[in-house]
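Subject: Structure handover and findings

Dear colleague,

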2 protein chains.
Amino acid sequence: MERTPLTAIAFDVFGTLVDWRRTIVDDGLRLSKGVDWPGFADGWLQGYRGFVEQVRKGEIPWQNLDSLLRRVFDQLVIDFKVTGVPTEALDHFSLIWHRLQPWPDTVPALTRLRSRFRLGTLSNGNMILLTDMAKFGSLPLDCLLSAELVKTYKPEPAPYMLAAEMLGPLPQQVMYVAAHAWDLAAGGQLGLRTGYVSRPMELGGRSVNDQPDPSFDLVAVDLLDLAAQLDKWPA
Amino acid sequence: MERTPLTAIAFDVFGTLVDWRRTIVDDGLRLSKGVDWPGFADGWLQGYRGFVEQVRKGEIPWQNLDSLLRRVFDQLVIDFKVTGVPTEALDHFSLIWHRLQPWPDTVPALTRLRSRFRLGTLSNGNMILLTDMAKFGSLPLDCLLSAELVKTYKPEPAPYMLAAEMLGPLPQQVMYVAAHAWDLAAGGQLGLRTGYVSRPMELGGRSVNDQPDPSFDLVAVDLLDLAAQLDKWPA
């Protein structure tokens with residue numbers, strides 16, 4: 001494949017740059033000991049993804065991710081019997097997605113890549129959430145792009161097109177990097193370059209049944225490996 | 001006036017955070033001695049503002065600021081008789097808006113404000129331009145918002161509404177900071193809080209005939225003064 005010089009790299013965020021599940025579990029344990037926090041975290045992901053699909057298909061009106069996360073959260077608090085926690089502490093915990101911990105390789109890899117490429121996000125997280133998370137994790141990113149800007153969710157085409165237009169402006173000038181094949185495949189179909197990163201611990205080591213597609217441009221074991229492979233890609 | 005806690009501050013960029021005119025003049029002098037670079041810089045601003053107005057009124061199709069800046073540049077090179085400069089150097093200079101120098105108080109003031117508020121831009125500059133400029137000037141901003149995201153230009157309402165929705169989400173939760181009364185007034189009419197910053201040297205010390213409107217929430221002599229005044233504003 002001909003390697004068009006890249007002007008930018010756009011990153012998926014949840015699971016790719018940050019370890020959402022472990023952050024939720026660790027923070028949950030500080031809140032209350034007797035709750036199945038891994039189950040809570042998995043339920044939170046599944047719950048918001050369900051709503052995201054409904055928004056995407058037009059079954060429910062647009063709502064940003066903070067709204068969807070809060071709706072799921074309120075139900076999980078009942079389902080998982082989270083009791084005896086002060087309202088203020090619960091409200092603070094409900095916004096844990098604004099304070100997700102980066103994977104250990106995230107900051108070093110972004111720092112390395114940032115000297116050669118423009119770095120952005122391409123996330124279903126809303127702008128305030130991304131702003132807070134990037135600040136919290138001191139993520140060396142140049143800009144934040146969210147599906148909220150086009151009021152639909154990945155894998156609809158509009159968010160990927162936005163990243164291409166704003167950072168490319170041609171799709172082949174932007175590499176989309178994610179740890180999920182469904183997401184990368186959607187970006188690749190729109191002409192973005194694709195970089196797959198393994199995150200075997202995203203679900204706590206459980207088999208994730210997520211395999212890179214042979215069509216992806218790069219397949220890396222982590223973000224530092226991706227950065228090393230991109231040394232050979234023209235900027 | 002009741003002071004709603006602010007969640008974010010959105011900054012105008014050209015003239016407010018960066019000294020576009022002096023950067024163009026200084027860089028121009030390195031390119032060629034015999035050109036009226038102050039006149040060139042002023043012509044560049046006036047020229048792109050003219051195109052921006054045409055886009056805004058729907059007289060010409062949407063084009064991002066890089067495209068408009070280049071169109072004006074190509075004409076100015078002829079009008080100001082910029083000759084004997086290699087094409088590559090001229091192309092590099094045409095993108096000087098990606099490398100504008102911050103005012104001396106910009107980085108210290110943003111650093112101070114960033115510990116209390118989310119900081120963003122609200123600029124007619126396109127995303128790639130803003131991304132490069134923020135990186136070049138090491139501007140401590142949390143996110144970049146551009147009129148390009150809504151494909152029209154300030155003072156149309158859409159860019160201001162975007163900043164309010166993405167960073168507020170209510171307009172009164174966001175303070176818009178700019179050195180130009182026309183721009184702040186447009187934001188204020190849509191419910192954003194308004195902070196006026198004097199930049200008497202923006203046009204090289206020439207009288208700028210720009211006065212704060214009595215309706216503005218804050219009037220500051222520079223960005224550090226604005227930061228000091230915002231110490232009293234609830235976050």
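A crossing is called left-handed if the near helix is turned anticlockwise from the far one by less than a right angle, and right-handed if clockwise. Helices are DSSP runs of H or I with at least four residues, numbered from the N terminus.

This is a predicted model, in which local features need pLDDT of at least 70 and side-chain atom pairs count only at pLDDT 80 or more, while totals for chains, interfaces and linings use all residues. Residues are numbered from 1 along each chain as its sequence is written, chains are lettered from A in the order in which they are written, and side-chain values use heavy atoms, with hydrogens and water left out.

In chain B, helix 3 of chain B passes helix 4 of chain B in a right-handed crossing. Contact (heavy atoms within 4.5 Å) is made by Arg70(B), Phe73(B) and Val77(B) from helix 3 of chain B, and by Leu90(B), Asp91(B), Phe93(B) and Ser94(B) from helix 4 of chain B.

Thr23(B) lies in helix 1 (residues 20–31) of chain B. Its relative accessible area is 7%, so Thr23(B) is buried (under 20% relative accessible area, with a 1.4 Å probe and protein chains only). Beyond its neighbours within four places in sequence, Thr23(B) contacts Ile96(B), Arg99(B), Leu100(B) and Gln101(B).

In chain A, Trp44(A) touches residues including Ile24(A), Leu69(A), Phe73(A) and Trp97(A), not counting those up to four places away in sequence.

Yours sincerely

Definitions and conventions
Helices (H or I, at least four residues) and strands (E, at least two) are DSSP runs, numbered from the N terminus. Buried means under 20% relative accessible area, exposed over 50%, partly exposed in between (1.4 Å probe, protein chains only).
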